[in-house]
Amino acid sequence: MEAVIPRRKGAPAVDPRQRLEAAYGEVLRALGELGYPTETDYNFQETAQRAAKAMLELVKPTGEINTEVDEMLSRTFPARYDEMVISKHNTCFGMCPHHLLPVVYRVSVAYLPGSRVLGISKLSRLVHLLARRPVLQEDLTHELAEILHARLETRGSAAYVEGLHLCMAARGVEAHEARVVTSAVRGVFRENPATRQEFLDLVTAPQLKLL
Ligand SMILES: [Zn+2]
């Protein structure tokens, strides 16, 4: 079975956390050269270690993601209905590969079951898991649709992703309100415009509070 992310061979030569801590040490020295008291101010004392830890929370190792996705897809349930299953407005976090700055996503995914369904909490878990990578939003969107179609063996799937990219909102063009919107469809969602439209209407309708 094809992995979501190409599998790497062997363990890394240097512990990634150590490498990140050393790199953030350099960042702090550069900030010092900009005039900030990174050597003397108490607040910067353990910043390199904290920043490394934070980076490792934003980005999960590819091996862990592949293993968890495999596990998830091996524990499915027999489908009792054939209507659309949808997990709407999952807020999750990732990172843009161009600037290594955080992205806040709102992700909706749907599929039309074949013979098996995924637990609904697993659907949300899949979205959160795949977002935690330095990956383009377009690729994330297509991979979600592909996994839900090809690997879950469904009749069709769809993904709709809105991203607030800090590289756009906080720097450069400072497009604070700009959202990047991407979508991907497979199977029946691609072949039948009414199914695709039903999905888009559901995920773009204003959210009314349940609680
Ligand atoms: Zn970026």
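This is a predicted model: local features need pLDDT of at least 70, side-chain atom pairs count only at pLDDT 80 or more; totals for chains, interfaces and linings use all residues.
Cysteines first. How many disulfides are there? The count is zero. Take cysteine 92. The nearest cysteine sulfur belongs to cysteine 96, and that sulfur is 15 Å away.

Now, is cysteine 92 buried or exposed? Buried, because its relative accessibility is 1%. Cysteine 167 is buried as well, at 9% relative accessible area.

Next, threonine 76. Where does this residue sit? Threonine 76 is in the loop between helix 3, residues 62-74, and strand 1, residues 77-78. Its relative accessible area is 14%, so threonine 76 counts as buried. What does threonine 76 touch, leaving out residues up to four places away in sequence? The partners are Arg116, Val117, Leu118 and Leu152.

The largest pocket has a volume of about 380 Å³. Its lining comprises 14 residues. Which of them lie nearest the centre? Those are Pro16, Val59, Lys60, Pro61 and Thr62.

Which helices supply at least two lining residues each? Helix 2, residues 47-58, and helix 3. Helix 3 gives the most, with three residues.

Nine lining residues are nonpolar, two are polar and three are charged.

To recap: zero disulfides, a buried threonine 76 in a loop, and a largest pocket of about 380 Å³ to which helix 3 gives the most lining residues.

Terms used:
Residues are numbered from 1 along each chain as its sequence is written. Side-chain values use heavy atoms; hydrogens and water are left out. A disulfide is a pair of cysteine sulfur atoms within 2.5 Å. Buried means under 20% relative accessible area, exposed over 50%, partly exposed in between (1.4 Å probe, protein chains only). Helices (H or I, at least four residues) and strands (E, at least two) are DSSP runs, numbered from the N terminus. Contact means heavy atoms within 4.5 Å. On a 1 Å grid over the protein atoms alone, a cavity is a set of points where a 1.4 Å probe fits but cannot get out, and a pocket is an open set with protein on both sides within 12 Å along at least five of seven lines; lining residues have an atom within 4 Å of a point. Grid points are joined across faces, edges and corners, and a volume is the space filled by probe spheres set on the points. Ala, Val, Leu, Ile, Met, Phe, Trp, Tyr, Cys and Pro count as nonpolar, Asp, Glu, Lys and Arg as charged, and the others, Gly among them, as polar.
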